[in-house]
Amino acid sequence: MEKFDKHLKLSDVYAICLGAMFSSGFFLLPGLAASETGPSVVLAYVLAALLVLPSLMSIAELSTAMPKASGVFFFIDRALGPLMSTVGGISMWLALSFKGAFAFIGMQAYTSLFFEADITPYAIGLTVIFGFLNLFGAKETAGLQKVLVAGLVTILSYFLIESGFTVFSKASVVEIKQNFSPFFKNGVEGIMQATAIVFVAFLGVSQLASVAEEIKDPARDIPRGIFYAVLTALILMVLGVFFVVYFIDLDALSKDLSPIATASEMAFSFLPAKWGLYLIFTAAFAAFASTANASIMSASRFPLAMGRDKVFPSFFKKLNRFNTPTLSIAVTVALMIAFQLMLSPMGVAKFASVVQLIVFILVNCALIVMRESKIEHYSPGFKSPLYPWMQIFGVFTSFLLLFYLGKRPFYISLCLTIFCLIWFLFYVKNRVERKGAIFHIFYHLGRHKDEKIHRDLRTINKEKGTT
C-alpha cells in the first residue's frame, strides 16, 4: 500500500486547525446567526466551542492511536465496522467539501465590496487553483497555510486592539449595555439555532485528523495543535463578534454577509480612510484561502482512504509522483464547485453542520467502543478526560443541535444516510471482511471477534515506533 511522507510538525498542525476554523465562521456567519438570536450571538460561539469539546477530545485520542489518512473514516471503520464507516466517511467527505465551498462563497461576499460584477467564475477559478496546488504535497500546502494563518492572526489582533480602544475609550458601560439589549432575541430556541449555525466554525479540528498520517509526531503534536488552535480561535472570534454586535445595528447585521468589513469602518481610528477596510479584506481573503486550502487537502484524503478499504473503487487510492491523491483531489474540487453553484450561504452552513454532527455522534461512539473492547494494541498517545461521560454528553448534544437545525437539513441528512446504506449493501458489503472492534465487546459476551483489527493496530504501532 502506498504511504504518505511524514513532513508535518506542530506549527503545521496548528496552522491547519486554526486556518480551517476561521473564515466563514467569523467573517460570514455572525450576521446570519444574529438573525436567529440577536446580540447573544456572542454566547453562541462560546456554546458551540463547549459542545464540540467532547468530539475534539475523542478525535485527539483516536488520532494519536490511529494516525491514518482520512482519520475519522478509519476510526469509525475499525471501531464500528464498514457499515458505519461508509456513512461516516461519505458524510465527513461532504462536510469538509461543504466547508471548502463555504469559504469560496465567503470570498465572493467580501470581493463584492469592491466589484459589482458576478465574481462566481473567479471563485470557481480559485477553487481549481487551490486544487492544483494540493497536487504538489502536504508539506508545500502546509507551508502556504502557515503564511496565510500568520497574516490572518496579525491583522485580526490589530482589529481587536483598535476596536477595544474605540469602544472602551468612548462608550460608557450603559451605552454598551444598550447595544446588547435585549440580549436574547428568541429565547432558548434562538440561541440554540444560532449555536447550531456557528458550530461549523469549529469543524477544523476534524480536518486535522484527515492528515494525521503525514504528521511526524502525532502523539505530541495533535493534542497540542488542537488545544492551541481552539483557544486562539475562541478568543479571537468571541471578542471579534462582541465588537461587531456593538458597532452594527441588529437589523443591518442580520442581513450583512461581510460584517467584519462593515465593523472595520467604525473600529479603525488610527488608519486613513478605507485602509482599515483593505486590511480586513486582506485578513478575510487569507482566512477564506486557508480554509479552502485545508478543506481540499483534508477532504481529498477520504476518497483515498475509502479506496484503500474497498468502500470506494480502488483507483481512488492512487498517489502521483508528489505523493498526493490526484483523482481524489479532482473529485473533491468538482464537488466544491457544485456546492457553490447550487446552495445559498445559509444552506451550505446548515448542511455542513448536519453532516458533521452525524460524524461526531459516530466518533464519540467509536471511542467508547475502542476503550471497552480492551484491544491489546490500542495505544493512544493522548487519552480523553472524563471518559465515558464526556463522550455520552457529546452524543446527546449532537442530537440536540441536529434538532435545532430544522426539518430540511434533517431530511437531507436522512436521505444521505439512506444513500450510504444502499451504497454499502450493493457495493461495499461483498468486498470487505472487516467487522470492527465492536465485535470484541460481543466476544466478551461469548461471541466472535475481529482478528484483523489486531493486525491493523499492531502495524500502526510499529509505524509509530511504540512496539
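Guide: Lys-310 sits in the loop between helix H15 (301-308) and helix H16 (326-342); helices are DSSP runs of H or I with at least four residues, strands are runs of E with at least two, and both are numbered from the N terminus. The phi of Lys-310 is near 70°, a positive value in a residue other than glycine. With a relative accessible area of 46%, Lys-310 is partly exposed, that is, between buried (under 20%) and exposed (over 50%), for a 1.4 Å probe and protein chains only.

This is a predicted model, in which local features need pLDDT of at least 70, side-chain atom pairs count only at pLDDT 80 or more, and totals for chains, interfaces and linings use all residues. Residues are numbered from 1 along each chain as its sequence is written, and side-chain values use heavy atoms, with hydrogens and water left out.

Another loop, between H17 and H18, holds Leu-386. Leu-386 is not a glycine, yet its phi is positive, about 55°; its relative accessibility of 62% makes it exposed. Pro-388 is also found in the loop between helix H17 (345-373) and helix H18 (389-404), and a cis peptide bond with omega of about 0° joins Tyr-387 to Pro-388. A cis peptide bond also links Ser-181 and Pro-182, with omega about -5°; Pro-182 lies in the loop between helix H8 (173-179) and helix H9 (187-198).

As for the whole, the protein chain has 21 helices and 0 strands, and buried residues make up 60% of its 467 residues.
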